[in-house]
Amino acid sequence: MDRDWAEPLDLDAVAAHAGYSRFHFVRAFKAAYGETPGQYLSRRRIERAQEMLRTADLTVTEICALVGFSSLGTFSTRFKRRSGLSPSEYRARHVGRGAALIPGCFALLYAGGFPGREQRGPADAHGPVEQRNSGEA
């Protein structure tokens, strides 16, 4: 779950990988970590969002998608419940602490772009490379 924290949680697959039924896995996980797998994943996503709000020049909506939330409303509600501040309030209070903001384009590139969006290379955006560079029409 820590490796694929931005992906949807497939609890059945995680439980099967651990060799447990879904329900036994949830009980064992909660006994070990003090929270359910869903709560744990939500907490980890919020922690990643807090880091991005402090360090990346991305909108709250972009960060919401990058950390794995499909709903901005759910993200904002859970963020405020965990941190006591809305994502925008959190950014206003904590931005500039530490390193300079990372430009949003670099953060998006590092994260692989938006989940579910088809990636376009330079040839797709400007036509085939051979036609642009050959000098022949």
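User: Hi! What does the secondary structure come to?
Analyst: Hello! The model is a predicted one, and the protein has nine helices and two strands. Along the sequence they run α-α-α-β-α-α-α-β-α-α-α.

User: Thanks. How many residues are in the protein, and what share is buried?
Analyst: There are 137 residues, and 28% of them are buried. The accessible surface is about 9,200 Å², with 52% of that belonging to carbon and sulfur atoms.

User: And the contacts, what part comes from residues 24 or more positions apart?
Analyst: Among contacts with a separation of 6 or more, such pairs account for 56%.

User: Let's go inside. Which residues have the most contacts in the largest nonpolar core?
Analyst: That core has 16 residues, and the ones with the most contacts inside it are Ala 49, Leu 53, Ile 63, Val 67, Phe 69, Phe 75 and Phe 79. Helices α3 (37-55), α4 (60-66) and α5 each supply at least two residues of this core.

User: What is Ala 49 in contact with, leaving aside neighbours within four places in sequence?
Analyst: Ala 49 is in contact with Ile 63, Val 67, Phe 75 and Phe 79. Apart from this core lies another, of five residues, including Leu 11, Phe 25, Phe 29 and Tyr 40.

User: Switching to α5: what span should its twelve residues have?
Analyst: Helix α5 covers residues 72-83, and at 1.5 Å a residue it should span 16 Å. Its end C-alpha atoms are 16 Å apart, so the two values agree.

User: What happens at the start of α5?
Analyst: A side-chain oxygen of Ser 71 comes within 3.3 Å of the backbone nitrogen of Gly 73. After the helix comes Gly 84, which has a positive phi, near 85°.

User: Now charges. How many salt bridges are in the whole structure?
Analyst: A search finds four. One of them pairs Asp 12 with Arg 22, with the closest N and O atoms 3.2 Å apart. Asp 12 is in helix α1 (residues 11-18) and Arg 22 in helix α2 (residues 22-33), ten residues apart.

User: Which salt bridges does Glu 47 form?
Analyst: Glu 47 pairs with Arg 43, closest N and O atoms 2.9 Å apart, and with Arg 44, at 2.6 Å. Arg 43 and Glu 47 both lie in α3, four residues apart. Glu 35, Arg 43, Arg 44 and Glu 47 are linked in a salt-bridge network.

Conventions: Residues numbered from 1 in each chain as written. Predicted model: local features only at pLDDT ≥ 70, side-chain atom pairs only at ≥ 80, totals over all residues. Heavy atoms only, no water. Buried < 20%, exposed > 50% of the residue type's maximum accessible area, 1.4 Å probe, protein only. Contact = heavy atoms within 4.5 Å. Areas by Shrake-Rupley, 256 points an atom, 1.4 Å probe, with all protein chains shown as cover. Expected span 1.5 Å × (residues − 1). Polar contact = N/O pair within 3.5 Å; in protein donor to acceptor, adjacent residues only side chain to side chain. Core = buried A, V, L, I, M, F, W, Y, C linked by side-chain atoms within 4.5 Å. Salt bridge = Lys/Arg side-chain N within 4 Å of Asp/Glu carboxyl O.
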